[in-house]
Each structure stands twice: as structure tokens, then as C-alpha cells.
Amino acid sequence: MPGRNIQFGLYGARGTKGSHAVAQKLDQLAGGIVTPVTEKRGFLARVRYLTRSGRQKEAAHRAGLDVKPRTIKAWLSGKGKPSKKSVEAVDRAYREVRRANVARHLKERLNREGRGTRVEIHPLDQSGVPQPRKRDIPTVEYRHLNVRRWDNIVDAWEAGDEGALDDAWIDVIEDLGSQWGQYEYVTNVGFSA
């Protein structure tokens with residue numbers, strides 16, 4: 001039943017919220033630096049990305065990166081070692097700035113001038129659920145639909161607003177008809193742009 005999955009996984013079902021899977025896919029489509037921030041190379045690449053222009057520096061500051069220029073200079077020259085808090089701040093700012101930089105482009109690619117993008121929705125994994133509590137297999141199947149309006153989804157993803165992203169995703173899966181609640185939690189959501 002839609003919105004009733006308060007104790008999801010209680011009987012052994014596995015999956016993730018559909019909106020969370022969409023956010024992961026959008027992060028993947030946004031691309032960016034793949035080396036982990038915990039490695040020196042990944043950290044320095046993120047710092048360079050955030051400081052390569054005045055616009056980037058302002059965006060990083062708005063995203064919460066409040067570091068003095070001499071500290072950044074020390075990091076880049078290898079004379080300074082960042083604290084754990086600084087590493088987390090750089091990573092958070094990088095994600096926010098990267099999302100803001102690619103959001104408009106992603107909307108254009110996903111909306112495709114009103115034609116939309118085909119989305120594949122893979123249902124939750126019931127292999128760990130005892131037989132009497134398992135949903136009937138034919139009713140929970142792989143589904144696909146064409147999403148024509150991505151603006152609300154991408155805007156919520158860009159802002160990092162999980163509640164708004166969840167609401168926007170629910171608006172999309174309601175197009176599945178009366179079964180939409182069975183796809184509130186999924187194993188995967190796939191689409192390309």
C-alpha cells in the first residue's frame with residue numbers, strides 16, 4: 001500500500017527508495033571526479049575544481065566551504081594537510097557545485113524537447129521474505145515508463161532536498177496506475193541521457 005512502508009525490510013525485503021535510486025543515477029550521469037576524496041589525488045582535484053575561477057569560488061563559499069586562500073594554497077602546494085572536517089567540507093561543496101553546474105544540461109538531455117526519457121524500474125528483492133509474506137511475483141514485475149517532465153526531479157536533486165525529490169518521484173510513478181505503491185522501494189532505477 002502506498003506510503004505504508006514505514007518499516008520497510010521488516011520481513012526481509014531488500015531495496016532502496018526509488019527517489020534515492022534516481023538521485024544515485026543522476027549523480028552518475030553528472031560525472032565528475034571518481035577518485036575518492038580521502039585520497040590525496042581526489043582531494044586536490046576537488047579543491048582545484050572549486051577554486052579554478054571566481055564563480056567557482058563563490059559557489060563553493062555558498063555551499064559552505066569557508067577556507068582562507070592561504071590554506072588552499074598550502075593544500076595545493078603539499079605544505080598543508082587538511083583536517084577530516086575540511087575534507088568533508090570540500091567533498092560536500094564539490095557535490096553541490098557540481099550538481100549546480102550540470103543541472104541545466106541534465107534537464108535538457110532528459111526532457112529531450114518534450115519527448116522525455118525512458119525509465120526502467122526494477123522491483124524490490126523479495127528473496128529473503130518468507131513465503132506467506134511474499135507478494136505475488138506476477139504483480140511485482142519490472143516496469144518501464146517514459147518520463148517527460150524532469151524539471152522537479154532535477155531541481156530537488158540539485159538542491160539536495162530528499163523530501164522534494166521523493167515527492168517528485170512519487171508524482172512520476174503514479175503513472176504506473178494502481179500498482180505504483182509496489183514501486184516505492186526498488187532494487188534499481190535505470191535511465192540514460
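This is a predicted model: local features need pLDDT of at least 70, side-chain atom pairs count only at pLDDT 80 or more; totals for chains, interfaces and linings use all residues.

Trainee: With which residue does Asp-91 form a salt bridge whose closest N and O atoms are 3.2 Å apart?

Mentor: A salt bridge requires a side-chain nitrogen of Lys or Arg within 4 Å of a carboxyl oxygen of Asp or Glu. Here, Asp-91 pairs with Arg-46 at 3.2 Å. This pair links distant parts of the chain, since Asp-91 belongs to helix H5 and Arg-46 to helix H2, 45 residues apart.

Trainee: Are Asp-91 and Arg-46 buried or exposed?

Mentor: Both Asp-91 and Arg-46 are buried. Asp-91 has a relative accessible area of 18%, and it counts as buried because that term means under 20%.

Trainee: How are Asp-91 and Arg-95 placed in helix H5?

Mentor: They are four residues apart, and therefore separated by about one helical turn. Their side chains also meet in a salt bridge, at 3.5 Å from N to O. Arg-95 is partly exposed, with a relative accessible area of 42%.

Trainee: How does one look for a pocket?

Mentor: Rolling a probe the size of a water molecule over the atoms shows where empty space is left. In this model, the largest pocket has a volume of about 410 Å³.

Trainee: Which residues lie nearest the centre of the largest pocket?

Mentor: Of its 19 lining residues, these are His-20, Ala-23, Arg-99, Gly-160 and Glu-162. Helix H1 supplies the largest share of the lining, five residues. By class, the lining has five nonpolar, four polar and 10 charged residues.

Key. Residues are numbered from 1 along each chain as its sequence is written. Side-chain values use heavy atoms; hydrogens and water are left out. On a 1 Å grid over the protein atoms alone, a cavity is a set of points where a 1.4 Å probe fits but cannot get out, and a pocket is an open set with protein on both sides within 12 Å along at least five of seven lines; lining residues have an atom within 4 Å of a point. Grid points are joined across faces, edges and corners, and a volume is the space filled by probe spheres set on the points. Helices (H or I, at least four residues) and strands (E, at least two) are DSSP runs, numbered from the N terminus. Ala, Val, Leu, Ile, Met, Phe, Trp, Tyr, Cys and Pro count as nonpolar, Asp, Glu, Lys and Arg as charged, and the others, Gly among them, as polar. Buried means under 20% relative accessible area, exposed over 50%, partly exposed in between (1.4 Å probe, protein chains only).
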